[in-house]
Amino acid sequence: MITIQNLIDNPNLRVVEEKRGIKVIEYVKDLSVNPASAVNAYYCSEMNIRKRQVFVDLDNSGIVVSAGAMQWTAGSVDAKSDIKGVGDFFGKALKGSVTKESAVKPKYFGTGYVMLEPTYKHILLENVEDWQGGMVLDDGLFLACEDTVDQTVVARSNLSSTVLGNEGLFNLALKGRGIAVIESSVPREELIEIVLNDDVVKIDGNFAIAWSGSLKFTVEKSTKSLLGSAVSGEGLVNVYRGTGRILMTPIA
């Protein structure tokens, strides 16, 4: 039996979100400071720049994390890679190179606790089942997910315009059932959620951090002609068509 003290019961820590045994812990203040860094730490706390960690309570279950993200484990928790052989390794390495995610994502399973490394980014917990056709992520946002979630790679619908738009060709898609843990540059309070019902959204820039796999995603000219695009001051835009959801930041 393991008892962990001065963690969840620490008055300087608070749980800001929790889903199915996955907790997002936030440090109210950074107390590990010295006279030279105290002023900076104070204003960071006032402006919501705080350390955050993901604490997972495993109950005969498993979680897949980004390579190097684990800080410590406790209890009957084992780890294994998600590599099934040489061919699988090269396949995952290729997927990682095009999605900017780690090629090998270790899986921790059993009964006990897993703590991930601290980050100053904002951490979101999303139920993959709530996203029609799965959840597609912008590059580099994946942090962890329950082992019941499948990871695949999806390509843009029109590769030629994607290249012209200086966009990536592929994205990581999460499908199945379970909780996904993603990192965001802005807090949830500032994220804009757009729900489409057989409609279209055009976004000028990489503002969308996640969208439903049911949406058709292309890169197109902002107007029907190149001359019109030049006159409008816009070039190529990200276009999402169909029925689903988009999670968008107010800043790139």
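**Close-up views of a predicted protein chain**

Phe-55, Trp-72 and Tyr-113 together make up one aromatic cluster. This is a predicted model, in which local features need pLDDT of at least 70, side-chain atom pairs count only at pLDDT 80 or more, and totals for chains, interfaces and linings use all residues. Residues are numbered from 1 along each chain as its sequence is written, and side-chain values use heavy atoms, with hydrogens and water left out.

**Figure 1. The whole protein chain.** The protein chain contains four helices and 15 strands; both are DSSP runs numbered from the N terminus, helices being H or I with at least four residues and strands E with at least two. Of its 252 residues, 42% count as buried. Buried means under 20% relative accessible area, exposed means over 50%, and partly exposed lies in between (1.4 Å probe, protein chains only). Among contacts with a separation of 6 or more, 79% are between residues 24 or more positions apart, where a contact means heavy atoms within 4.5 Å.

**Figure 2. The stacked pair of Phe-55 and Tyr-113**. The structure holds six aromatic pairs. Phe-55 and Tyr-113 form a stacked one, at 5.4 Å centre to centre and with 10° between the planes. Phe-55 belongs to strand β3 (residues 52–65) and Tyr-113 to strand β5 (residues 107–116), so the pair ties together parts that are 58 residues apart in sequence. Rings of Phe, Tyr and Trp (its six-membered ring) pair if their centres lie within 6.5 Å; planes under 30 degrees apart count as stacked, over 60 as edge-to-face and the rest as tilted. Phe-55 is buried, at 4% relative accessibility, whereas Tyr-113 is partly exposed, with a relative accessible area of 22%.

**Figure 3. The edge-to-face pair of Trp-211 and Tyr-240**. The ring centres of Trp-211 and Tyr-240 are 5.5 Å apart and their planes stand at 65°, so this pair is edge-to-face. Trp-211 in strand β13 (residues 208–212) and Tyr-240 in strand β15 (residues 236–248) are 29 residues apart, and their pair links distant parts of the chain. Both Trp-211 and Tyr-240 are buried.

**Figure 4. Lysines over aromatic rings**. Lys-80 lies over the face of Phe-109, 5.5 Å from the ring centre. Lys-105 is placed over the face of Phe-142, at 5.4 Å from the ring centre. A charge sits over a ring if NZ of Lys or CZ of Arg is within 6 Å of the ring centre and within 35 degrees of the ring normal.

**Figure 5. The second largest pocket and Leu-124**. The second largest pocket has a volume of about 250 Å³. On a 1 Å grid over the protein atoms alone, a pocket is an open set of points where a 1.4 Å probe fits, with protein on both sides within 12 Å along at least five of seven lines; lining residues have an atom within 4 Å of a point. Grid points are joined across faces, edges and corners, and the volume is the space filled by probe spheres set on the points. Strands β1 (13–19), β2 (22–27) and β6 (122–127) each supply at least two lining residues, and β6 gives the most, with three. Leu-124, one of the lining residues, is found in strand β6 and is buried, with a relative accessible area of 1%. Beyond residues up to four places away in sequence, Leu-124 touches several others, including Glu-17, Val-181 and Leu-247.
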